[in-house]
Amino acid sequence: MKVEPIYSPGHTIGSTSLIVDNHYLLTGDILFIESIGRPDLAGKAGDWAEDLRNTLHEKYKQISGDLIVLPAHFSTVSELGDQGQVQAKLGDLYKKNAGLNMAENEFRGAVSENLPPQPNAYQEIRQTNMGKITPDADRQSEMEIGPNRCAIHG
């Protein structure tokens, strides 16, 4: 298996996407099937909006549009394929994902104004990610339950 990391800041300052076997693009929380990641969870929407735009409009455009995007979440059933999979070709997303087709000023407003509420267990998730707390397996599952609030819908 070949894995190529791509530094892709915007959702967080350390966001990294992975190209696997020159076939898949694991985008985590920065690119979804019908939306894009939000840069405000650390209170840095203004600072990270440009990083997000650069990742989505520069870095991702330099890689093959034939890569299959595999995001970390989905928001609505319309993002599910016939077999329940959450995937799409990167090139197709540039045709249909509204977050990838905004003018620069529209993009900045979309990623910094009128954002959805933060995830239910956001602060607890941050503490876990920083290694400050270690919830048991049941609590970890509970923390992940709920709507995809990592996305901005165009």
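**Exercise 1. Find the residue that stands opposite Leu-18, then place its strand in the sheet.**

Step 1. Leu-18 stands opposite Leu-26, which lies in S3. The model used here is predicted.

Step 2. Look at the two strands. Strand S2 covers residues 16–20 and strand S3 covers residues 24–28. Three bridges join them, and they run antiparallel.

Step 3. Widen the view. The strands belong to an open sheet of five, in the order S1-S2-S3-S5-S6. Its pairing is mixed.

Step 4. Strand S1 (3–7) and strand S6 (88–89) each pair on one side only.

**Exercise 2. Decide whether Ala-88 is buried or exposed, and list its contacts beyond four places in sequence.**

Step 1. Locate Ala-88: strand S6 holds this residue.

Step 2. Take its relative accessible area, which is 10%. Buried means under 20%, so Ala-88 is buried.

Step 3. Val-69 and Ala-88 are 19 residues apart in sequence, yet their C-alpha atoms are 5.4 Å apart in space.

**Exercise 3. Describe the largest nonpolar core, then follow one of its residues.**

Step 1. Count the members: this core has 24 residues.

Step 2. Pick out those with the most contacts inside the core. They are Leu-25, Leu-31, Ile-36, Leu-56, Tyr-60, Ile-63 and Leu-90.

Step 3. Name the elements that give two or more residues: helix H1 (45–59) and helix H2 (90–96).

Step 4. Follow Ile-63. Past its neighbours within four places, Ile-63 contacts Ile-6, Ile-19, Leu-25 and Leu-90.

Step 5. In soluble globular proteins, nonpolar side chains tend to be buried together.

**Exercise 4. Work out whether His-57 is buried or exposed, and what it contacts.**

Step 1. His-57 sits in helix H1.

Step 2. Its relative accessible area is 14%. The cut-off for buried is under 20%, so His-57 counts as buried.

Step 3. Leave out neighbours within four places. His-57 is then in contact with Tyr-94, Gly-99, Leu-100, Asn-101, Met-102 and Phe-107.

**Exercise 5. Find how many salt bridges the structure has, and which side chains meet.**

Step 1. Searching the whole structure gives one salt bridge.

Step 2. The partners are Arg-108 and Glu-50, at 3.9 Å from N to O.

Step 3. Arg-108 is in helix H3 (residues 104–110) and Glu-50 is in helix H1, 58 residues apart.

Step 4. Arg-108 is partly exposed at 36% relative accessible area. Glu-50 is partly exposed at 39%.

Conventions. Residues numbered from 1 in each chain as written. Predicted model: local features only at pLDDT ≥ 70, side-chain atom pairs only at ≥ 80, totals over all residues. Heavy atoms only, no water. Core = buried A, V, L, I, M, F, W, Y, C linked by side-chain atoms within 4.5 Å. Buried < 20%, exposed > 50% of the residue type's maximum accessible area, 1.4 Å probe, protein only. Helix = DSSP H or I, 4+ residues; strand = E, 2+ residues; numbered from the N terminus. Contact = heavy atoms within 4.5 Å. Pairing = 2+ DSSP bridges. Salt bridge = Lys/Arg side-chain N within 4 Å of Asp/Glu carboxyl O.
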